[in-house]
Amino acid sequence: MAVLGLLMGFCAKVPRTIHTPGGWVNLILTGLTGYVASDIITGIAHWSGDTLGHDRVWFFGPNFIRPFREHHFDQKAITRHDFIETNGNNCIGMCPPLAVAFVAVPHQEGFGFFAWTFVAFVSLFVVATNQFHKWAHADNPPAAGRWLQRWGLILPPAHHDVHHASPHDKHYCITVGWMNPILNGIGFFRAAEWIVARVCPSWLHIEERNRYREAARANALNGSPTPPLGAPPPPVGTWRG
Ligand SMILES: [Zn+2]
Ligand SMILES: [Zn+2]
């Protein structure tokens, strides 16, 4: 509710501040930049959940890391979550930056106004991301969601399927996925893992991914899938090896 109130407050402030056509163009460009930034931020958060730490880490393990890992062997679970369970964590996380942006945004057009509006756009799109992610897994998303997916304006299911193909090591961005080809292409996440392996190697946990890779190989050889390390065995057929 706090997030909704802050967003409505922002919506009321914007038309009282922008008085020129150029200002509205800048607002649209700020929104687009915020959408791309949200795609990158959710990609990094998703990669962190998949790759860093383990589910026994205090607080973060059960609340943030485990859901990411479990999502790989039960990807339909997200479709059984209600609205609060789907969006609650992202709302809590984005409330502080949105509140700061709401208080700090100046009442005249200029760099400061668009900078804080950018923060508000990013908060909005990060909050919306898990809903887009849920729709990418849903058998029957709402008509508006299907339309946005078809035009590639939110995360399309076929695009997200690339991440769910074993060993789940690419296509981490889940707001819309526009940045996935670019971040894959420049080796962004492999470079991040290289840095973590040198700076703080105990944080890097890619054994599950390796296990999926081994399972895929075993699956291809004799059709007997191996369960991922540290996770309940996936029922046969719920993941793709
Ligand atoms: Zn993942
Ligand atoms: Zn997914």
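**Entry 1: two histidines in a loop**

I started with H168, which sits in the loop between α7 (157-164) and α8 (180-185). I am working from a predicted model, so every value here is computed. What is the phi of H168 near? I found a value near 60°, which is positive in a residue other than glycine. I kept in mind that most residues other than glycine have a negative phi. Is H168 buried or exposed? I counted 24 other C-beta atoms within 10 Å, so H168 is buried.

I then looked up H171, which is also found in the loop between α7 and α8. The phi of H171 is near 55°, again a positive value in a residue other than glycine. H171 has 22 other C-beta atoms within 10 Å, and because the cut-off for buried is 20 or more, H171 counts as buried.

**Entry 2: the chain as a whole**

Next I stepped back to the overall layout. How many helices and strands does the chain have? I listed ten helices and zero strands. Along the sequence, that reads as α-α-α-α-α-α-α-α-α-α. The chain has 241 residues, and 29% of them are buried. I also checked contacts with a separation of 6 or more: residues 24 or more positions apart account for 59% of these.

**Entry 3: α2 against α5**

I turned to helix α2 (residues 21-51) and helix α5 (residues 111-137), whose axes are 8 Å apart and pack at an angle of about 45°. The two helices are therefore oblique to each other. I noted the crossing of α2 past α5 as right-handed. Which residues make the contact? From α2 I wrote down N26, L27, T30, G31, T33, G34, Y35, A37, S38, I41 and T42. From α5 I wrote down F114, T117, F118, F121, V122, F125, V126 and T129. Sorted by class, the residues of this contact are ten nonpolar, nine polar and no charged.

**Entry 4: α2 against α3**

I stayed with α2 and looked at its packing on helix α3 (residues 60-73). Their axes are 8 Å apart, and the angle is about 85°. That makes α2 and α3 roughly perpendicular to each other. On the α2 side I found H46, G49 and D50, which meet F64, I65, F68 and R69 of α3. This contact of α2 with α3 holds three nonpolar, two polar and two charged residues.

**Entry 5: α4 against α5**

How are α4 and α5 arranged? I read a crossing of roughly 170°, with the axes coming within 8 Å. The pair is therefore roughly antiparallel. In α4 the residues of the contact are T86, N87, N90, C91, M94, P97, L98, A101 and A104. They meet W116, V119, A120, S123, V126, V127, T129, N130, Q131 and K134 in α5. By class I have eleven nonpolar, seven polar and one charged for the contact of α4 with α5.

**Entry 6: the nonpolar core**

I looked for the largest nonpolar core and found that it has 29 residues. In soluble globular proteins, nonpolar side chains tend to be buried together. Which residues have the most contacts inside this core? My list is A101, W116, A120, F125, F132 and L155. The elements giving two or more residues to the core are α2, α4 (83-104) and α5. The largest share comes from α5, with 13 residues.

Not counting residues up to four places away in sequence, L155 touches F132, H133, A136, H160, I174, T175, V176 and G177.

V3 lies in helix α1 (residues 2-17). I counted 18 C-beta neighbours inside 10 Å, so V3 is partly exposed. Leaving aside neighbours within four places in sequence, I see V3 in contact with C91, M94, C95, L98 and V127. V3 and V127 are 124 residues apart along the chain, yet their C-alpha atoms are separated by 8.9 Å.

**Entry 7: S202**

Is S202 buried or exposed? I counted 7 other C-beta atoms within 10 Å, so S202 is exposed. I also checked S202 against L52: they are 150 residues apart along the chain, and their C-alpha atoms are separated by 8.8 Å.

Conventions:
Residues numbered from 1 in each chain as written. Chains lettered and ligands numbered in written order. Predicted model: local features only at pLDDT ≥ 70, side-chain atom pairs only at ≥ 80, totals over all residues. Axes fitted to C-alpha atoms, helices over the stretch in contact; angles between N-to-C directions. Helix = DSSP H or I, 4+ residues; strand = E, 2+ residues; numbered from the N terminus. Parallel < 35°, antiparallel > 145°, perpendicular 65-115°, else oblique. Left-handed = near helix turned anticlockwise from the far one by under 90°. Contact = placed C-beta atoms within 7 Å. Nonpolar A, V, L, I, M, F, W, Y, C, P; charged D, E, K, R; others polar. Core = buried A, V, L, I, M, F, W, Y, C linked by C-beta atoms within 7 Å. Buried ≥ 20, exposed ≤ 12 C-beta atoms within 10 Å, placed from the backbone.
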